[in-house]
Every structure is written in structure tokens, then in C-alpha cells.
Amino acid sequence: MRLIGSDGHGVELGVVGYQFPAAADPRQRQSWLIVEGSAHCPQGTWSFRWQALTADDAVELARWLGRAAAHPSGSEHDDSGRLDFTEPNLAFAFTWTDPGPVELSVSLDLEFSPPGRSWAAMARRRAASARRP
């Protein structure tokens, strides 16, 4: 998935496998998906790879992105504007005004943070923001 703003900054993400692909127990084998990606912002570019989503998280992310893209006109905020996961490496948020564009933000934390960040500076950061008319 490529989420790139009009300024050229953004995030590229992909699922590249399972954390335990050879585990005998299918529940363990299919428990965590490894997410690999890169981020591009004014401060630089970096790559990351970590077991950050469950299979259920991936399904929920797809549904959530569908809701963000649809943003039905006149809808009340239904608490679907932010999506967090068990592993706090990755989070998404969207906002919109009616009428107006949808703004999608991606937050990267912990193992997805830029290299060299101190723990104090690793508070959730908006890594990318893109607008959709």
C-alpha cells in the first residue's frame, strides 16, 4: 500500500509474511503478520520491518480504509476516524468536513520510528498525511 501526500511524503507498507511460518500450531503460525515498509518525510527516509498486525487487524484495516474512502456525506462521526492495533507501531486516522476532502494520517511508533530517535521523542508521530477530494 502506498499512501503518498501531494508533497511527495508518505508511507509504503506491505505484509511480507508471518512471524512464525514454520510453527506446528496453525494459531501460532498465523498469529502475527510481518509488516515491512518505508517512510518519507522532510526529516528523511527510513525503512522498517516488524511483526505488527494480526490477520484480524489486516482485515479491519481494509474495512477501515474502505470507510475512510467512502466518507458518506453528512455522516456523523462514528468513532471510526482512528484505528489503533495491539502492537502500537502503526496507527491510522482520518478526518473530513462535509463538504471537503478526507485527510488520512499514518502514525509510526516504536520499531517503525526513524532510526536514532530517543525514547522521549518516540511519542506517536504523524508520518504521513494525504488528502482525497
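Strand β5 (residues 82-84) and β6 run antiparallel and are joined by three bridges; strands here are DSSP E runs of at least two residues, helices are H or I runs of at least four, and both are numbered from the N terminus. Two strands count as paired if DSSP finds at least two bridges between them. If you look along this pair, you will find R82 opposite A93 in β6. The link from β5 to β6 is a hairpin of five residues.

Before going on, please keep in mind that this is a predicted model, in which local features need pLDDT of at least 70, side-chain atom pairs count only at pLDDT 80 or more, and totals for chains, interfaces and linings use all residues. Residues are numbered from 1 along each chain as its sequence is written, and side-chain values use heavy atoms, leaving out hydrogens and water.

Now move on to β7, which pairs with β6 in the antiparallel sense over seven bridges. Here W96 stands opposite V102 in β7. Because five of its seven residues are buried, β6 is largely enclosed by the rest of the structure. Buried means under 20% relative accessible area, exposed means over 50%, and partly exposed lies in between (1.4 Å probe, protein chains only).

Next comes the largest nonpolar core, with 24 residues. Such a core is a set of buried Ala, Val, Leu, Ile, Met, Phe, Trp, Tyr and Cys residues joined through side-chain atoms within 4.5 Å. F48, W64, L90, F92 and L108 have the most contacts inside it.

Finally, visit L110, in the loop between β7 (102-108) and β8 (125-132). L110 has a positive phi of about 50° although it is not a glycine.
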